[in-house]
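Dear colleague,

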Amino acid sequence: MHRTPALVLRSVQLLVGLFLYGASTALQVRAVVGVGSWTVLTQGLENVLPWSFGVITVVSSVVILLLWIPLRQRPGIGTLCNVLAIGPAADLVLWLVPEPDGLVARVLLFAAGLVLLAVATACYIGAGLGTGARDGLMVGVHERFGWPLWLARTVIEVTVVVVGWLLGGDVGVGTVVAAFVIGPMVQPLMPLFRRLPWSPTRTSGAGAVRTPGGGETGAARVAPCASECPPTATPAPSSAVR
């Protein structure tokens, strides 16, 4: 496929994936059975800041991007879209979807959120246009300090959960389930998106456009830790809100 149509389709794929990512995060919040690590922090910040869930997500993403500077990470167009799109998408779905009654309904809504998160994660990473702010932070710590990815991921996310919990974020069974389930759910979906005709893995030989932090290399590098779950061969959080 020629570079221009391929780039357009990858951009559409990116935006669809990011919208679904925000929607999946909102569903997990509405389920009230525990949320992923970064969402715990966002909920905690809601208790001390006069902003909506989505606005806090956007602002915290910008702050995290500032941490990329000393870590020498470069954002791609997908990184900027990630910062701007996930928060508003989450706010929209939180407005549309009410909190369900009964444990069974909550569990089903949480499960739906996890499935949607896995699809969204593979979709946006598969576009190969740049990593999410939170994923890039983990990769940056790994590359700057030589920590194994699993250690960088664990230290950052445990810190995030503890701070979020102290601020009143929702830590529950769902937090643990998401950490161990999202990775295995995303892993088999990644090859499906990489087989699309406009995938960077299919178009690189035809002169695909490479953006800073994007392209096949960027997507492949973040795949093991994408959350934003990110996320994949290792346990990943349910929200990235990444």
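Helices (H or I, at least four residues) and strands (E, at least two) are taken as DSSP runs and numbered from the N terminus. The model is a predicted one, in which local features need pLDDT of at least 70 and side-chain atom pairs count only at pLDDT 80 or more, while totals for chains, interfaces and linings use all residues. Residues are numbered from 1 along each chain as its sequence is written, and side-chain values use heavy atoms, with hydrogens and water left out.

The secondary structure consists of eleven helices and zero strands. Of the 242 residues in the chain, 52% are buried (under 20% relative accessible area, with exposed meaning over 50% and partly exposed in between; 1.4 Å probe, protein chains only).

R72, in the loop between α3 and α4, is not a glycine, yet its phi is positive, near 60°. With a relative accessibility of 64%, R72 counts as exposed. V32, in the loop between α1 and α2, is likewise a residue other than glycine with a positive phi, near 55°. V32 is partly exposed, its relative accessible area being 37%. For context, most residues other than glycine have a negative phi.

Helix α4 (residues 77–96) has 20 residues and reaches 29 Å from its first C-alpha to its last, close to the 28 Å expected at 1.5 Å a residue (the expected span is 1.5 Å times one less than the number of residues). A kink of about 25° lies at A85 in α4, shortly before the proline P88; the bend at a residue is the angle between axes fitted to the seven residues ending there and the seven starting there. The buried residues of α4 include G78, C81, I86, G87 and V93. Among the elements that cover the buried residues of α4 are α1 (3–31), α3, α5 and α6, contact being defined as heavy atoms within 4.5 Å.

Helix α8 (residues 173–186) is also kinked, by about 30°, with the kink centred on A179. Its 14 residues should span 20 Å at 1.5 Å a residue, and the end C-alpha atoms of α8 are 20 Å apart, which agrees. G174, T175, A178, I182, G183 and V186 are the buried residues of α8, and their cover includes α2, α5 (103–126) and α9 (190–194).

In the loop between α8 and α9 lies L189. Leaving aside residues up to four places away in sequence, L189 touches A118, V119 and A122. The C-alpha atoms of L189 and T121 are separated by 9.0 Å, although these residues are 68 apart along the chain.

Finally, the second largest pocket has a volume of about 250 Å³. On a 1 Å grid over the protein atoms alone, a pocket is an open set of points where a 1.4 Å probe fits, with protein on both sides within 12 Å along at least five of seven lines; lining residues have an atom within 4 Å of a point. The volume is the space filled by probe spheres set on the points, which are joined across faces, edges and corners. Of the 17 lining residues, W38, L41, S60, V63 and I64 are the closest to the centre of the second largest pocket. Helices α2 (37–46), α3 (53–71), α6 (133–145) and α7 (149–166) each supply at least two residues of this lining, and the largest share, six residues, comes from α3.

Yours sincerely
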